[in-house]
Amino acid sequence: MSAPLAGPQPVPVAESPQSGMPAVAVVAFSGGAELWWLRLLKPGFRHCLVALAQPSGGWLLVDPMAHVTRFAVVSGPIDPVAWFLAHGLLPVPVRPVAPARRAAPWAPFTCVEAVKRALGIRARCVVTPWQLFRHLTRVEKKVLDMAPVIGL
């Protein structure tokens with residue numbers, strides 16, 4: 001008989017069979033700014049967080065902030081896009097990608113960097129929530145435009 005594992009266990013997310021990354025995610029953008037220096041960022045794009053799909057149909061919510069990173073498991077069938085919209089956030093559905101197996105570029109730990117790593121994004125020039133929004137909407141538009149061609 002084996003002893004139970006100590007400590008918190010990882011929460012599985014629904015993975016794409018090809019990449020091992022979550023099959024789908026929703027990044028949400030907020031204009032809230034509790035820290036004075038965040039007010040220097042573009043209004044409406046001062047913070048970001050991500051919801052990652054779980055195999056159970058629920059979502060793992062990752063909210064990286066300056067002083068703490070919060071995690072929440074939301075179980076059951078929920079539409080994160082509608083939930084984010086209802087709470088005043090701007091949601092962007094995305095398909096995470098598997099990055100190359102090498103160290104990620106060095107960058108300060110910010111909400112943007114945490115979300116980029118959760119999604120497998122290696123774009124050095126993306127450092128603000130606005131830049132992340134622009135990057136995601138450009139990349140996802142290309143993917144969605146190609147969906148009929150690649151069989152999605």
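Which residues lie nearest the centre of the largest pocket? In this predicted model, the residues nearest the centre of the largest pocket are Leu 38, Arg 46, His 47, Met 65 and Ala 66, from a lining of 27 residues. A pocket is defined on a 1 Å grid over the protein atoms alone as an open set of points where a 1.4 Å probe fits, with protein on both sides within 12 Å along at least five of seven lines; lining residues have an atom within 4 Å of a point.

The model is a predicted one, in which local features need pLDDT of at least 70 and side-chain atom pairs count only at pLDDT 80 or more, whereas totals for chains, interfaces and linings use all residues. Residues are numbered from 1 along each chain as its sequence is written, and side-chain values use heavy atoms, with hydrogens and water left out.

The protein chain contains 3 helices and 5 strands, arranged from the N terminus in the order β-β-β-β-α-β-α-α. Helices (H or I, at least four residues) and strands (E, at least two) are DSSP runs, numbered from the N terminus. Of the 152 residues, 37% are buried, where buried denotes under 20% relative accessible area (1.4 Å probe, protein chains only). Among contacts (heavy atoms within 4.5 Å) with a separation of 6 or more, 49% are between residues 24 or more positions apart.

Strand β3 is paired with two strands, pairing being assigned if DSSP finds at least two bridges. With β2 (residues 47–53), β3 runs antiparallel and is joined by 4 bridges; Ala 53 stands opposite Trp 59. The hairpin formed by β2 and β3 has 5 residues between the strands, and Gly 57 in the turn adopts a positive phi of about 100°. With β4 (residues 69–74), the antiparallel pairing of β3 extends over 6 bridges, Asp 63 stands opposite Arg 70, and the connecting hairpin passes through 4 residues.

Val 62 lies in β3 and is counted as buried because its relative accessibility is 12%. Beyond its neighbours within four places in sequence, Val 62 is in contact with Leu 49, Val 50, Thr 69, Arg 70 and Phe 71. The C-alpha atoms of Val 62 and Leu 52, 10 residues apart in sequence, are separated by 8.0 Å.

The largest pocket has a volume of about 560 Å³, the volume being the space filled by probe spheres set on grid points that are joined across faces, edges and corners. Elements giving two or more residues to its lining are β2, β3, α1 (80–86) and α2 (111–119). The largest share, 3 residues, is supplied by β3. The lining comprises 18 nonpolar, 6 polar and 3 charged residues; Ala, Val, Leu, Ile, Met, Phe, Trp, Tyr, Cys and Pro count as nonpolar, Asp, Glu, Lys and Arg as charged, and the others, Gly among them, as polar.

Helix α2 also contains Glu 113, which is counted as buried because its relative accessibility is 7%. Not counting residues up to four places away in sequence, Glu 113 touches Pro 105, Ala 107 and Pro 108.

Notes: Buried < 20%, exposed > 50% of the residue type's maximum accessible area, 1.4 Å probe, protein only.
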